[in-house]
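Subject: Structure for your review

Dear colleague,

Please find the structure below, followed by an account of what was found in it. I would be grateful if you would read the two side by side.

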Amino acid sequence: MELVEKFQEFKDYLRKIDYLSNALALAEWDMRVYMPKRGIEARSDMVTYISGEVYKLQTSDRMREYIEYFEGVSDLDDVMKAAVKNCRKIYDQTKKIPEDRYREFIKVASRSGTAWEEAKEKADFSIFQPYLEKVTEFKREFIGYWGYEGDRYNTLLDFFEPGITVEKLDEVFGQLKKAIVEILGKIQNSRVEVSTAVFSKYFPKQQQAEFNTMLLKKVGYDFETGRMDESVHPFTTDFGNKDVRITTHYYENEFRSALFSCLHEGGHGIYEQDIPDDLEGTLLDGGASMGIHESQSRFYENIIGRSLSFWKYFYPEIKRNFKQFDGLSLEDFYKGINRVEPSLVRIEADELTYSLHIIIRYEIEKELINGRVEVKDLPKLWNAKYKEYLGVEPSNDAEGVLQDVHWSDGSFGYFPSYALGNLYGAQFLGRMNKDIPDLFERVEKGDFEVIHKWLRDNIHRHGAVYEPSELIKTVTGEELKADYFIKYLYDKYSKIYEF
Ligand code: CO
């Protein structure tokens, strides 16, 4: 019994981290949803202070004692083992770096963010370049402290996608890139015309909000433990499994944007709402990884939300609610929401070309971290890759290499998760189809509970107890493969574009 009691004591300690993290998340949610502009300074001070307290708890001697104690015990269950491993990782991540270097890095990273903003606004990479050079140097130096196996980039990947390596990514992304470029070629040679003009008619915000709320309820997002608000960029946050919030942004002259962002964030939200109570206070009460989280959001947004079956069920509802679609057939609506067009901007990309945007960033990050390219070469390299893979070329750096904020604070290793989400999702679908052979017939009839239950039983209920590579193997019986997603893309677009 002693072990159980000791673990309870450890959980009570972790609970403090959890409380503070929830306070931070709540402060950030408020900052992005309600806070008046001039509140920013006081709020930033508060966030900095609480973050410091979290850091102290994560790296205290007491934390080290707990970790070392449990690492010396042989009969831990899966949850205990994962909780200890997770704390060890967080502990080492900061403790292995000399304190003065870490403080120096934080300073540079925050200035770098401001420089990025200015550089993007003026479409001038040279403003950002010296900061990005420093941030990159720090990351290379930190990898030295953290240590690495195989490729240096593996250490960064491990923070976001434990168990995924450069070797694995080179394999699956290589296959995926080849397939997408091939499918894109066929689409560009297709004679099928897909129009999206109808989506730019006028759609009052209230009308969109009512429809999207109905949709979210129907697919399983629970408004008793959740709510939906507006923010500039849609996001999901939670303060435990009983309070999971999503946001969206309405454009009255673009119908698709809020619709699919709601389904996307709803997918993240459903995941968090399904986390079992007994994982609370272990720091494992969230998704298995960034990539697995994205697999759930993209499952609802794309695999279900952009399927013909889904709209066979919901299109009559659209017709009833929106006169704007009068005269438009289900088939043309379906083609419209699945139109493919290579573009410069990642966040506006369609389901097919999206992964190419990620693969480009992955290839660049890997070279940069290993010192095979330098920061000054990035704009050129970026533009060349966009031209080669997508056939488009930025006219300036704001719509090119400067478009994403992630590199400014050294968040390298994060982008791959977005494309991994697509691969995981399609592989889960493969298994789901075996378990529920009439899956899409049920979707046509509006039965979404069968999907929700499968995801809950197989994925959500585990929280972050298993690493993504273990989870995918347990759920699907196979290691991560690109084949499922490639087949999914091929099947879908060959029908739409008739090739
Ligand atoms: Co997401």
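On a 1 Å grid over the protein atoms alone, a cavity is a set of points where a 1.4 Å probe fits but cannot get out, while a pocket is an open set with protein on both sides within 12 Å along at least five of seven lines; lining residues have an atom within 4 Å of a point. Grid points are joined across faces, edges and corners, and a volume is the space filled by probe spheres set on the points. Rolling a probe the size of a water molecule over the atoms shows where empty space is left.

The model is predicted, so local features need pLDDT of at least 70 and side-chain atom pairs count only at pLDDT 80 or more, whereas totals for chains, interfaces and linings use all residues. Residues are numbered from 1 along each chain as its sequence is written, and side-chain values use heavy atoms, with hydrogens and water left out.

The largest cavity has a volume of about 30 Å³. Its lining consists of Arg361, Trp382, Val401, Asp404, Trp407 and Phe415. By class, four of these are nonpolar, none is polar and two are charged (Ala, Val, Leu, Ile, Met, Phe, Trp, Tyr, Cys and Pro count as nonpolar, Asp, Glu, Lys and Arg as charged, and the others, Gly among them, as polar).

The second largest pocket has a volume of about 690 Å³. Of the 20 residues that line this pocket, Tyr334, Tyr488, Asp491, Lys492 and Lys495 lie nearest its centre. At least two lining residues come from each of helix 12 (308-321), helix 13 (330-337), helix 16 (416-435) and helix 20 (483-496). Helices (H or I, at least four residues) are DSSP runs, numbered from the N terminus. Helix 20 gives the most to the lining, with seven residues. The lining of this pocket has nine nonpolar, three polar and eight charged residues.

**Helix packing**

Helix 11 (residues 290-304) and helix 18 (residues 449-458) have axes that come within 12 Å and cross at roughly 155°. This makes helix 11 roughly antiparallel to helix 18. Axes are lines fitted to C-alpha atoms, for helices over the stretch in contact, and angles run from 0 to 180 degrees between N-to-C directions. Angles under 35 degrees count as roughly parallel, over 145 as roughly antiparallel, 65 to 115 as roughly perpendicular and the rest as oblique. Gln296, Phe299, Tyr300 and Ile304 of helix 11 make the contact with Ile451, His452 and Leu455 of helix 18 (contact means heavy atoms within 4.5 Å). The residues of this contact are five nonpolar, two polar and no charged.

The axes of helix 11 and helix 16 come within 7 Å and cross at roughly 65°. Their contact includes Met290, Gly291 and Phe299 of helix 11 and Tyr418, Gly421 and Leu429 of helix 16. It divides into 10 nonpolar, seven polar and two charged residues.

Helix 7 (residues 153-160) packs against helix 8 (residues 166-188) at an angle of about 80°, with the axes 9 Å apart. Helix 7 is therefore roughly perpendicular to helix 8. Tyr153, Asn154 and Leu157 in helix 7 meet Val166, Glu167 and Leu169 in helix 8.

Yours sincerely
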